[in-house]
Amino acid sequence: MRSYVAFTGKDKYLSIFVNDSNEKIREIVAHQGRDEDLDILVHDPDWKVRAIVAECGRDKDLDILVKDKVASVRKAVAEPR
C-alpha cells in the first residue's frame, strides 16, 4: 500500500516516504525526481537508490556519485542522458 501511495507522487507523501525504512519505497521516491528528495537520497545507504538518483542526471548528484564505492552506481553516472 505504501508503495502505491509513494508512486502517486503527491508531495505530502513523498516528504514522508523519503526517509522510509524500506529501500523499495525510497527507490520509488527517487524515481519521482523531486529536487528536495534527491538532495537527501544522493547519500542513501542503499546503492540502488543512489543509482536511481544518478539516472535523474542532476550535475550536483553526478559529481558526488561518480566517486561512489559501488560500481553499479558509477555506471549509472556514466550512462548517457
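Tutor: What follows is a walk along helix α5 and out to its neighbours.

Keep in mind that this is a predicted model. Helix α5 covers residues 47–56.

A side-chain oxygen of Asp 46 reaches to within 3.1 Å of the backbone nitrogen of Lys 48. That contact sits at the start of α5. Now jump to the other end. Gly 57 follows α5. The phi of Gly 57 is positive, near 80 degrees.

Next, look at what lies inside. Which residues of α5 are buried? They are Val 49, Arg 50, Ala 51, Ile 52, Val 53 and Ala 54. These buried residues pack against α3, α4, α6 and α7. Here is a rule to carry along. An α-helix has 3.6 residues a turn, so residues three or four places apart point the same way.

Now the core. The largest nonpolar core has 22 residues. Val 29, Leu 41, Val 53 and Leu 65 touch the most other members. Val 53 belongs to our helix, where it is one of the buried residues. The helices α1 (2–7), α2 (11–17), α3 (23–32), α4 (35–41), α5, α6 (59–65) and α7 each supply at least two residues of this core. Which helix gives the most? It is α5, with 5 residues.

Angles under 35 degrees count as roughly parallel, so α5 is roughly parallel to α7. On the α5 side, the residues in contact are Trp 47, Arg 50, Ala 51, Ala 54 and Glu 55. On the α7 side, they are Ser 72, Val 73, Ala 76 and Val 77. By class, this contact has 6 nonpolar, 1 polar and 2 charged residues.

Stay with Arg 50 for a moment. Its side chain joins that of Asp 68 through a polar contact of 2.7 Å. Where is Asp 68? It is in the loop between α6 and α7. Is Asp 68 buried or exposed? Buried residues have under 20% relative accessible area. Asp 68 has 11% relative accessibility, so it counts as buried. The side chain of Asp 68 also reaches the backbone nitrogen of Val 70, at 2.9 Å. Leaving out residues up to four places away in sequence, Asp 68 touches Arg 50, Val 73 and Arg 74. Val 73 is also among the α7 residues that meet α5.

Now turn to the next neighbour, α3. The axes of α3 and α5 come within 9 Å and cross at roughly 5 degrees. Use the cut-off of 35 degrees again: that makes α3 roughly parallel to α5. From α3, the contact uses Glu 23, Lys 24, Arg 26, Glu 27, Ala 30 and His 31. From α5, it uses Lys 48, Val 49, Ile 52, Val 53, Glu 55 and Cys 56. By class, there are 5 nonpolar, 1 polar and 6 charged residues here.

His 31 deserves a stop. Its place is in helix α3. Exposed means over 50% relative accessible area. His 31 has 54%, so it is exposed. Even so, His 31 touches Ile 52 and Glu 55, not counting residues up to four places away in sequence.

Look along α3 itself. Asn 22 caps its N-terminal end. A side-chain oxygen of Asn 22 lies 2.7 Å from the backbone nitrogen of Lys 24. Just after α3, Gly 33 takes a positive phi of about 75 degrees. Val 29 is one of the core members that touch the most others. Not counting residues up to four places away in sequence, Val 29 touches Ala 6, Leu 14, Phe 17, Val 18, Asp 37 and Leu 41.

To recap, α5 is roughly parallel to α7 and α3 is roughly parallel to α5.

Key:
Residues are numbered from 1 along each chain as its sequence is written. This is a predicted model: local features need pLDDT of at least 70, side-chain atom pairs count only at pLDDT 80 or more; totals for chains, interfaces and linings use all residues. Side-chain values use heavy atoms; hydrogens and water are left out. Axes are lines fitted to C-alpha atoms, for helices over the stretch in contact, and angles run from 0 to 180 degrees between N-to-C directions. Helices (H or I, at least four residues) and strands (E, at least two) are DSSP runs, numbered from the N terminus. Angles under 35 degrees count as roughly parallel, over 145 as roughly antiparallel, 65 to 115 as roughly perpendicular and the rest as oblique. Contact means heavy atoms within 4.5 Å. Ala, Val, Leu, Ile, Met, Phe, Trp, Tyr, Cys and Pro count as nonpolar, Asp, Glu, Lys and Arg as charged, and the others, Gly among them, as polar. A nonpolar core is a set of buried Ala, Val, Leu, Ile, Met, Phe, Trp, Tyr and Cys residues joined through side-chain atoms within 4.5 Å. Buried means under 20% relative accessible area, exposed over 50%, partly exposed in between (1.4 Å probe, protein chains only). A polar contact is a pair of N or O atoms within 3.5 Å; within protein, one must be able to donate a hydrogen and the other to accept it, and residues adjacent in sequence count only if both atoms are side-chain atoms.
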